[in-house]
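I'm opening the notebook for a new structure today. The plan is to look things up one by one and jot down what turns up.

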Amino acid sequence: MAAALLSVVAPNRGRPAARLQRRAASASNAGSGVPSSSFEVTPAHIAKGEVAREWIADVFENVDYELALSSSDAIEASGEYVRREDEDEELRYGEFDMGFFVAVVEACEPMLAEMEGRMHPSGAPGAFVDVGSGRGQIPVLAAALRPWSRCAGLEYVPVLHAIAEQAPTCLENLAASEAALFDESRAAERLNAMPSFDSPAPLSFTRGDMYDAGALTDATRGASMVFMFSTKFAVDGDGRLAVSPNLRPALASGAVVVTVNNELATADGFELVARMDGPDGERSGGSTAYVWRAV
Ligand SMILES: C[S@@+](CC[C@H](N)C(=O)[O-])C[C@H]1O[C@@H](n2cnc3c(N)ncnc32)[C@H](O)[C@@H]1O
């Protein structure tokens with residue numbers, strides 16, 4: 001089961017020079033009824049996402065996939081893992097488009113700055129948390145985009161978590177050897193999209209279930225932004241994300257939550273601030289990101 005998933009996320013493992021498969025990004029900015037005019041995925045976002053995709057592929061090329069498999073086997077043997085990703089649509093793996101993510105973070109920046117200014121008058125940033133973080137690409141990318149107190153992921157599937165756990169070390173190793181790895185002609189462009197290694201946000205990954213209120217609260221503590229690529233996440237009878245009621249108590253007022261293709265419930269204490277359409281290599285017509293504020 002874990003080996004099958006590994007063949008999807010790391011089809012080229014064991015071949016260090018090979019890159020993980022890339023998705024074709026097809027920009028789409030279909031109009032929407034909720035305020036979105038200032039939130040657009042531009043060619044500049046897509047270009048920055050492409051650059052990020054390259055160096056993040058390099059990060060994950062350094063993962064020891066055999067080690068990840070044995071860690072995952074140990075978790076499964078412990079009996080802590082009860083659902084199976086090959087039987088559960090909600091655990092279906094997919095990766096959010098990086099250019100779209102760059103655009104989302106940029107669009108949220110004024111809200112984040114305002115919220116963090118209230119939370120920490122000293123000017124300290126809040127945390128970024130990806131709920132359902134897969135192999136950890138989004139927290140790695142988030143760390144490159146702006147300062148955070150930490151960038152974290154919460155993931156249920158053992159083998160994905162086991163890969164993500166190696167990402168911080170792989171990123172450090174890449175940073176240490178960046179001069180050797182960089183293509184001279186794109187060095188400046190790549191450096192621009194790499195995390196600042198002067199004061200990088202600490203990266204951390206937890207294996208747990210977002211429907212476990214304690215795990216969700218721990219994972220999202222101090223978050224100024226929570227992200228969920230939630231297309232397949234369970235919804236309640238009203239079509240709202242089932243995790244919505246568990247999420248709000250963990251967050252400070254003003255925290256930003258971004259959900260994709262599914263919405264939170266305003267009754268749980270969330271206000272819809274904006275929506276933004278963008279590319280999704282696996283969905284014709286793209287995806288919609290909903291930007292929420294905890295109220
Ligand atoms: C569409 S993938 C997104 C991965 C990553 N955020 C990205 O965009 O690259 C959704 C992830 O959520 C995870 N997931 C689903 N249900 C979960 C739960 N109850 N608790 C934690 N993670 C969950 C899945 O296993 C999957 O890795």
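**The sheet**

I started with strand 1 and strand 4, which pair in the parallel sense over four bridges (strands pair if DSSP finds at least two bridges between them). Helices (H or I, at least four residues) and strands (E, at least two) are DSSP runs, numbered from the N terminus. Ala127 has Ala223 in strand 4 as its bridge partner.

Before going on, I noted that this is a predicted model, where local features need pLDDT of at least 70, side-chain atom pairs count only at pLDDT 80 or more, and totals for chains, interfaces and linings use all residues. Residues are numbered from 1 along each chain as its sequence is written.

What order do the strands of the open sheet have? I read 3-2-1-4-5-7-6 for its seven strands, with mixed pairing. Strand 3 and strand 6 stand at the edges with a single partner strand each, so one side of each has no neighbour in the sheet. On average, neighbouring strands here are turned by 20 degrees against each other, direction ignored.

**Helices on the sheet**

I then checked helix 4 (residues 98-119), which lies across strand 4, strand 5, strand 6 and strand 7 (287-294) and runs at about 155 degrees to strand 6. Axes are lines fitted to C-alpha atoms, for helices over the stretch in contact, and angles run from 0 to 180 degrees between N-to-C directions. Helix 6 (residues 158-176) packs on the sheet too, touching strand 2 and strand 3 (contact: C-beta atoms, placed from the backbone, within 7 Å). The direction of helix 6 makes about 165 degrees with that of strand 3.

**Helix 9**

Which residues of helix 9 (residues 213-220) are buried? I found Leu216, Ala219 and Thr220. Buried takes 20 or more other C-beta atoms within 10 Å of a residue's own, exposed 12 or fewer, partly exposed is in between, and C-beta atoms are placed from the backbone. These buried residues pack against strands 1, 2, 3 and 4 and helix 10 (244-247).

Asn261 isn't a glycine, yet its phi is positive, about 65 degrees. Most residues other than glycine have a negative phi. Asn261 counts as partly exposed because it has 17 C-beta neighbours inside 10 Å.

How values were computed: Two residues are in contact if their C-beta atoms, placed from the backbone, lie within 7 Å.
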